[in-house]
Amino acid sequence: MKHTAADILIERLVDWGVDTIFGLPGDGINGIMEALRKRQDTVRFIQVRHEESAAFMACAYAKFSGKLGVCLATSGPGGIHLLNGLYDAKLDGQPVLAITGLQFHDLINTYTQQDVELDKLFQDVAIYNSRVMGPAHVEGVVDLACRTALSYKGVAHITFPVDMQTMEVMEKRRSERNVPHHGSTVRALSDRLPSEHDLHAAADLLNSGRKVAFLIGRGALNAGDTIEEMAEKLGAPIIKALLGKAAVPDTSPYTTGGLGLLGTRPSQEVMENCDTLFIIGSSFPYMEFYPKPGQARAIQLDMDPMRIGLRYPVEVGLIGDSQKTLQALSPLLKNKEDKSFLKKAQKGMEEWWELMEERGTRSDMPMKPQVVAWELGKRLSHDAIISSDSGTITTWWARQIRAKKGQMFSCSGTLATMACGLAYAVAAQIAFPHRQCVAFIGDGGFSMLPSELATCVKYKLPIKIIVIKNNTLGQIKWEQMVFLGNPEYGVDLQPIDFAALARAYGVAGFTIENPADCGRIMDEAFLHDGPALIEAVVDPFEPPLPGKIKFEQAKHFAEALARGQPYAGKIALTAMSDKVREMI
């Protein structure tokens, strides 16, 4: 049996530690599929129902496992479908390798079927991007693709002409300068600690601050314990960007939770009043929620030198791994006697969690989405992996579900794309088959890629899927009103019976409409041995209001109601009711 270029591709990926590839077969990758078939005991091929899902899964697999995520798509439209999920990986800094087919090498640019030069199309999304030129080219290209994606935390892309995939590996086809097996799969890792000078400069700045605050993101996920120790020394509240939700548990006495439109009032007040800010592993994009430039002196710790000072002017930049750098920095910090700044934030968080519990235990009809999130949070195991989608759903996920130590949380942080939530949960369950994996998603995002329910059934994945159904693109509705002062337009969705849809796919389907039944039905679904979907019908007029409302936002909200917002009375009543409850 001949040894083909596609065989070399898969064998080299296995050498790099790749154990899972997400994709959808097509005639543009038949040679690669045959190489996978012959090695199915070594590397798993997870068949998805849409290539966009394959890219989302590769991104999430990298996020949750720390390994290289790999996705595979055919030529032309198959490769095009990968792009959204690959941009998710690019913007959230995840190592992903995309492999695509390409048309016959001697028909490219002749208007043949599916004649799309995917290497040119992927130029922006990929930090390494190459077209295979023959069997002897494969090994070197794969080595560079894997090494670049893993080292620089980004997307690498290899596109492979279909006829070259099945070419036999022959030494006579090798150029004279291409020495066989000249590459290596060794990864060179570095501690990348900052200099002593920079560490002491950071310590001096933190020690001199009276009101110190930490802002932590995904780069701090491995450093939670050390960050809490430093917070205790400095009396510093810990604010969490969305992707840093699991870095410090929400039960920690030091954290004030999230920031921004999805964040908490105490976090915003800490930002408005701090005089020193330490940004750890975060590029939180909404600059309007940082302190005003000049208000606070700042330090930033990141693995990427390009991100230093990206969002806020800093005086000290630290380049290195968060955990190792903070372990070196912590002994240089002095214990502050005045912890009043932290104590005020802690008092604010006590009141905030009381408000979240009140909103999460309401008996109003229609049911409030916060109730579903609150009940879910009580049923999550100590090591659960919880994925969310983008929209108002992210607000309830960020606020109402308390992250516990040992759990993992993720979503599309920077791209904020819809449709990723279920795919993320599939990847999590594939990576960790014995952990509880939950998708907490909205009806808008879920209805874009519901076919991955079939993937759950095909691979017997016991994922639990909670779909918050309000029959509207809620985030867009409220942005139209609160940011622009316009009445909503084009956001209402045609209702879908998601429980019936789930059953059609072979997934157990449940429906919750009454908050009195929420816990009981959720328990029933979670006890089901296999994938289960809960359709939670909620109040479409419940607003995802910011933790601290600005005058301009309230003004625009009033303008939208006055200019003919549909159901203005119900919306105003719901918003006013929430505000009154918050003030009582």
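Just after helix α10, Gly-235 takes a positive phi of about 65 degrees, where helices (H or I, at least four residues) and strands (E, at least two) are DSSP runs, numbered from the N terminus. This is a predicted model, in which local features need pLDDT of at least 70 and side-chain atom pairs count only at pLDDT 80 or more, while totals for chains, interfaces and linings use all residues. Residues are numbered from 1 along each chain as its sequence is written, and side-chain values use heavy atoms, with hydrogens and water left out.

Helix α10 itself covers residues 224–234, and its buried residues are Gly-224, Thr-226, Ile-227, Glu-228, Met-230, Ala-231 and Leu-234; here buried means under 20% relative accessible area, exposed over 50%, and partly exposed in between, with a 1.4 Å probe and protein chains only. These buried residues pack against several elements, among them α9 (196–208), β7, β8 and β10, contact meaning heavy atoms within 4.5 Å.

Strand β7 (residues 212–216) runs parallel to β10 and is joined to it by 5 bridges, two strands being paired if DSSP finds at least two bridges between them. Within this pair, Leu-215 stands opposite Ile-279, and Phe-214 has Phe-278 as its bridge partner. Strand β7 is also joined to the parallel strand β8 (residues 238–240) by 3 bridges, with Ile-216 opposite Lys-240. Strand β10, for its part, is joined by 5 bridges to β11 (residues 297–302), again in parallel, and there Ile-280 has Leu-301 as its bridge partner.

Elsewhere, the largest nonpolar core has 54 residues, of which Phe-22, Cys-71, Leu-86, Ile-465 and Leu-533 touch the most other members; such a core is a set of buried Ala, Val, Leu, Ile, Met, Phe, Trp, Tyr and Cys residues joined through side-chain atoms within 4.5 Å. Not counting residues up to four places away in sequence, Leu-533 touches residues including Phe-446, Ile-465, Phe-498 and Phe-510.

Some backbone geometry also deserves attention. Most residues other than glycine have a negative phi, and most peptide bonds are trans. Gln-114, in the loop between β4 (96–102) and α6 (118–121), has a positive phi near 55 degrees and is partly exposed, with a relative accessible area of 25%. Ala-419, in the loop between β14 (408–410) and α16 (421–431), has a positive phi of about 85 degrees, and Ala-419 is buried, with a relative accessible area of 5%. A cis peptide bond, with omega about 0 degrees, joins Met-365 and Pro-366, and Pro-366 lies in the loop between α13 and α14 (369–378).
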